[in-house]
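Hi,

Here is the structure I promised to pass on. Have a look at it first, and then read my notes below.

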Amino acid sequence: MEKAAKIWMDGKLIPWDKAKIHILTHTLHYGGGAFEGVRFYNTSNGPAIFRLKDHTNRLFYSAKTIGMKIPFSKAQINEACKDIVSKNKLKEGYIRPLVYYGYGKMGLDPRQCVVNVSIAAWPWGAYLGDKPVTTKISKFMRIHPASTHSDAKLCGHYVNSILASLDVHNQGYGEAILLDYKGNIAEGPGENIFFVKDGKLITPKLGSILGGITRESIMQIAKDNNIKVQEKTVKPKELLAADEAFFTGTAAEVSPIAKINDKKIGKKPIGPVTELLKTTFLKAVKGEEPRYKKWLTLAQ
């Protein structure tokens, strides 16, 4: 990965190569941490962070679900995110805030553990590449909503994502699609999923998926362009019959899906609705769509 100069750790800027933790850090062993993925883009007014406050709000919510009290305010975290971009003189890339139980106590009860916070930023291109991705429905299902807080972005959840990713990558596919515990379409390992049928935009309803911030943004853009949006239970056969399909996420942005289980989706590599939403989204994050400038926070 491409390094930056500094990483923010518990209120201090630390040189990238010296930003280290103890091997007995609690979250390293048990996965009890919360994190966010936030992108920032180069605009005519300088680097701007996409929906920073929304990401920070979700970070605090996720931490709360596992009993973590973040030792900084939301305002301090927002300023730190801006600071890590400006101090590193970055124009475009990715921010990773992480809240974790630190060193000092082992065992599954984390109540006596110190809570640490780090924020890193670095240049990072398109997560799924710049071409439509081939996918396969994984044998690993999305974690059961009764077993965790499935709407929180918790570190331990992503073991589920790793298993699904390895499952399909080892078979030659670009990304996985996970089903929920009822056999319905849930999401990708790190992305929400949408499809288009007869001009309508459809996505799995909340309940066992992460309510993505990019997902919410795409739904708003669709509505603003008079595209009907429906959140519903989606059967695999419905997705396979789609006219278009795509992933959304902070890292993935808007990534068209070319194939699902070797079945070609749509007549073109990128369908017209996907193209419109992707183009509008990329204009919005770069400050080129006045309607969505409220989503941007200048880092300087």
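To start with something you can find by eye: in which helix do K87 and D83 both lie, and how many residues apart are they? They sit in helix α3 (residues 74–87), four residues apart, which is about one turn of the helix. (Helices here are DSSP runs of H or I with at least four residues, strands are runs of E with at least two, and both are numbered from the N terminus.)

Before going on, some housekeeping. This is a predicted model, so local features need pLDDT of at least 70 and side-chain atom pairs count only at pLDDT 80 or more, while totals for chains, interfaces and linings use all residues. Residues are numbered from 1 along each chain as its sequence is written, and side-chain values use heavy atoms, with hydrogens and water left out.

**Salt bridges**

K87 and D83 form a salt bridge, with their closest N and O atoms 3.2 Å apart. (A salt bridge means a side-chain nitrogen of Lys or Arg within 4 Å of a carboxyl oxygen of Asp or Glu.) By that rule the count comes to 14 salt bridges. K87 is partly exposed, at 48% relative accessible area, and D83 is partly exposed too, at 26%. (Buried means under 20% relative accessible area, exposed means over 50%, and partly exposed is in between, with a 1.4 Å probe and protein chains only.)

Another pair is R142 and E187, whose side chains meet in a salt bridge at 3.0 Å, N to O. R142 lies in the loop between β8 (133–137) and α4 (158–169) and E187 in strand β10 (residues 185–187), so this pair ties together parts that are 45 residues apart in sequence. R142 is buried, with a relative accessible area of 6%, and E187 is buried at 6% as well.

Then there is D243 with K197, where the closest N and O atoms are 3.7 Å apart. This pair also links distant parts of the chain: D243 is in the loop between α6 and β14 (244–249), K197 is in strand β11 (residues 192–197), and they are 46 residues apart. D243 counts as partly exposed because its relative accessibility is 32%, and K197 counts as partly exposed at 30%.

Finally, R51, D54 and E216 are linked in a network of salt bridges. R51 is placed in the loop between β5 (46–50) and α2 (52–65), and it is buried, at 7% relative accessible area.

**Another positive phi**

N226 has phi near 60 degrees, again a positive value in a residue other than glycine. You'll find N226 in the loop between α5 (213–224) and β13 (229–232). Is N226 buried or exposed? N226 is exposed, with a relative accessible area of 73%.

**Surface patches**

I21, I23, L24, L28, Y30, Y103, M106 and L108 make a nonpolar surface patch of about 830 Å². (Patches are made of residues with over 30% relative accessible area and no salt bridge; like charges are joined within 9 Å, and nonpolar side chains, meaning Val, Leu, Ile, Met, Phe, Trp and Tyr, within 5 Å.) Y30 is in helix α1 (residues 26–30) and is partly exposed at 38%. M106 is in the loop between β6 (93–101) and β7 (115–122) and counts as partly exposed at 34% relative accessibility. Y30 and M106 are 76 residues apart along the chain, with their C-alpha atoms separated by 9.3 Å. Leaving out residues up to four places away in sequence, Y30 touches M106, G107 and L108. (Contact means heavy atoms within 4.5 Å.)

There is also a positive patch, formed by K182, K205, K235 and K237. K237 is in helix α6 (residues 236–240) and counts as exposed because its relative accessibility is 66%.

**One from the inside**

T203 is in strand β12 (residues 200–204) and counts as buried, at 0% relative accessibility. Apart from residues up to four places away in sequence, T203 touches I193, F194, R215, M219, Q230, E231, K232 and V234.

Cheers

Note on methods. Areas by Shrake-Rupley, 256 points an atom, 1.4 Å probe, with all protein chains shown as cover. Lys, Arg positive; Asp, Glu negative; His and termini not counted. Charge placed at Lys NZ, Arg CZ, Asp CG, Glu CD.
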